[in-house]
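Please look over the sequence and the three-dimensional model below before reading on. The briefing that follows is grouped by topic.

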Amino acid sequence: MGYPGRAVGGWTGWTLLLWVAAVSFIVADGRRVRQARCPAGCTCTKDNALCENVRSVPHAFPSDVVSLSFVKSGFNEIIGGSFVHTPGLQLLLFTANSLDLIDEDSFMGLPHLEYLFIENNQIASISPHAFRGLKALIHLSLAYNNLETLPRDVFKGMDALTKVDLRGNNLICDCKLKWLVEWMHHTNATLDQIHCSGPPVQQGKKINDLQPHSFDCIIAEFASYQSLKFESISVGAFAFGEDQFVVFAQPFAGTCSFLEWDHVEMTFRTYDTIESTSTVVCKPMVIDNHLFVIVAQLFGGSHIYKRDTSANRFIKIQDIDILKIRKPNDIETFVIDGESFFVIADSSKAGSTTVYKWNGNGFYSHQSLHPWFRDTDVEYLEISGKPHLILSSSSQRPVVYQWNRSKKQFERRTDIPDMEDVFSVKHFQVKGELFICLTRFIGDSKVMRWDGAMFKEVQTFPSRGSMVFQPVSIGNWQYSILGSDYSLTQVYQWDTETSQFVPSQELNIQAPRAFSVVSIDNRVFLLASSFKGKTQIYEHLMIDLSN
């Protein structure tokens, strides 16, 4: 009796196990059925889902859906990770929606997606990594949206692409889109013919026909680099030995401050000083590998120093005649026929602008140009291959002197008409043509061009407290910098198409008095003296707008 009972009990045990397994299968299968349910607002077939008027991307679809479409949906952006729950998708379509933004990693988790259509929407912005992870994508359409540009390298990593459709957008073919032109020349993908909506120079052109070299995307700017804790009234850069130096005249401290470049710290540091009184100009001059510095002072006379390399210091070697130079305002150095000269512009009523010549042992007075005219600036330049000086004065128009080679002296040639009250004149050249910048404190500063017989006006600039209008050449870039005691300093850049200066940027310098450029370690710096604030150093940087 016991044996049959055990048999019945055993059968009952197996029946229970089978029943539990069946229930588990049904429950598990029931879960799969619930997971495969089509979301509200969508219509699902065996392998396709169509969603209409939904307000967000549903997080679950039947697992066998491989194509998904959104039509007239109510959401305006595709956010990151929207499709991580549908990794099997091969085709994804958005059409006639109100989409205006595609976010970062919007399609992350779709390793099998081959076709992506985002058409007839209002897309105006695409994040740089919107399509990251779509390594299998072969067809991308962004047609008929509001795109004006595309972020650089937005197609990076999509090596399987064979077709990109950008028709129906308002693409601006400027530097921001240069990368697309470069990409088109290197990709295996094809693009339908599309036209530029701007800028004016490219408007109407086929993007497919553009070449990368047709984009002018390199600009330059002066970026603040170092601020020096002293006022200065003049600045100069010079090479001596194998090194580059800069020197500032500090009128209130009464010193010539020499700086050198620290190749480790990458800053300008103190090299040496020359103590003086009411210093207005510290002018370096290298003759036969010897460094001389002409130090112009308002009081106590002006002097000439020489660098003693063995003692590593400056020593005074000569005084400048105080009867000729009473109130120095500017110094120019130059070489004519192998002989070295410098000229000091004197702005006093009793002094005289004077040219000095090196005789092998010292400098002696070579020629006094004219007395009583209160000269504020002197500029050395060559006109038609002949040495000239232009003197600016508070009492007359700028006077042009020409070097007479037989007499070895300067002779008055002419003056510049209709240019009274010019504080200074500085020259520059563009493509062999000679120009001058004329500074006025109040009124209009001007740029003039030499026409073979006279300087003729090219351009005017409003001056409001200007003591310096300095042309600056850096490589192929030509600038003019107009300082102001009452406003920001204006930097202008030469436009080769119009042969005029155009505004470039503004610099905040208190009462600028002089500018100079120095090149060190393949870097270029603009030195800016400030009469009422900290002396400033800017770095000239090249910027590629296509990046």
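S392 is found in strand β26, which spans residues 386-393, where strands (E, at least two residues) and helices (H or I, at least four residues) are DSSP runs numbered from the N terminus. At 0% relative accessibility, S392 counts as buried, a class that means under 20% relative accessible area, with exposed meaning over 50% and partly exposed the range in between, for a 1.4 Å probe and protein chains only. The model is predicted, so that local features need pLDDT of at least 70 and side-chain atom pairs count only at pLDDT 80 or more, while totals for chains, interfaces and linings use all residues. Residues are numbered from 1 along each chain as its sequence is written, and side-chain values use heavy atoms, with hydrogens and water left out.

- Leaving aside neighbours within four places in sequence, S392 is in contact (heavy atoms within 4.5 Å) with D375, T376, D377, V422, F423, S424 and V425.
- L110 is found in the loop between β6 (101-102) and β7 (115-119), and at 1% relative accessibility L110 counts as buried.
- With neighbours within four places in sequence again left aside, the residues in contact with L110 are F83, T86, P87, L89, L92, G133 and L134.
- From C-alpha to C-alpha, L110 and S352 are 84 Å apart in space, and they are 242 residues apart in sequence.

- In soluble globular proteins, nonpolar side chains tend to be buried together.
- Apart from neighbours within four places in sequence, F131 is in contact with I102, F107, L116, I118, I126, L140, L142, V154, F155 and M158.

**Aromatic rings**

- The structure holds 41 aromatic pairs, where rings of Phe, Tyr and Trp (its six-membered ring) pair if their centres lie within 6.5 Å, and planes under 30 degrees apart count as stacked, over 60 as edge-to-face and the rest as tilted.
- The rings of F83 and F94 form an edge-to-face pair, because their planes are at 70°, with the ring centres 6.1 Å apart.
- This pair links distant parts of the chain, since F83 lies in the loop between β4 (77-78) and β5 (91-95) whereas F94 lies in strand β5, eleven residues apart, and both F83 and F94 are buried.
- The pair of W358 and F363 is tilted, because the planes of the two rings are at 55°, and their centres are 4.9 Å apart.
- W358 is buried with a relative accessible area of 17%, and F363 is buried with a relative accessible area of 5%.
- One aromatic cluster is formed by F428, F435, F461, F469, Y492, W494 and F501.
- R307 lies over the face of F314, at 4.6 Å from the ring centre, a charge being counted over a ring if NZ of Lys or CZ of Arg is within 6 Å of the ring centre and within 35 degrees of the ring normal.

**Disulfides**

- The structure holds five disulfides, each being a pair of cysteine sulfur atoms within 2.5 Å.
- When the bonded cysteines of the protein chain are numbered in sequence order, the pairing is 1-3, 2-4, 5-7, 6-8, 9-10.
- C38 and C44 form a disulfide with sulfur atoms 1.9 Å apart, and this link is right-handed, with 70° about the S-S bond.
- C38 counts as partly exposed at 26% relative accessibility, and C44 is partly exposed with a relative accessible area of 24%.
- A disulfide joins C42 to C51, S to S 2.0 Å, and the link of C42 and C51 is right-handed because the torsion about its S-S bond is about 100°; both C42 and C51 are buried.
- In the disulfide of C256 and C282 the sulfur atoms are 2.0 Å apart, and the link is left-handed, with -85° about the S-S bond.
- Because C256 lies in strand β15 (residues 255-262) and C282 in strand β17 (residues 279-287), the pair ties together parts that are 26 residues apart in sequence, and both C256 and C282 are buried.
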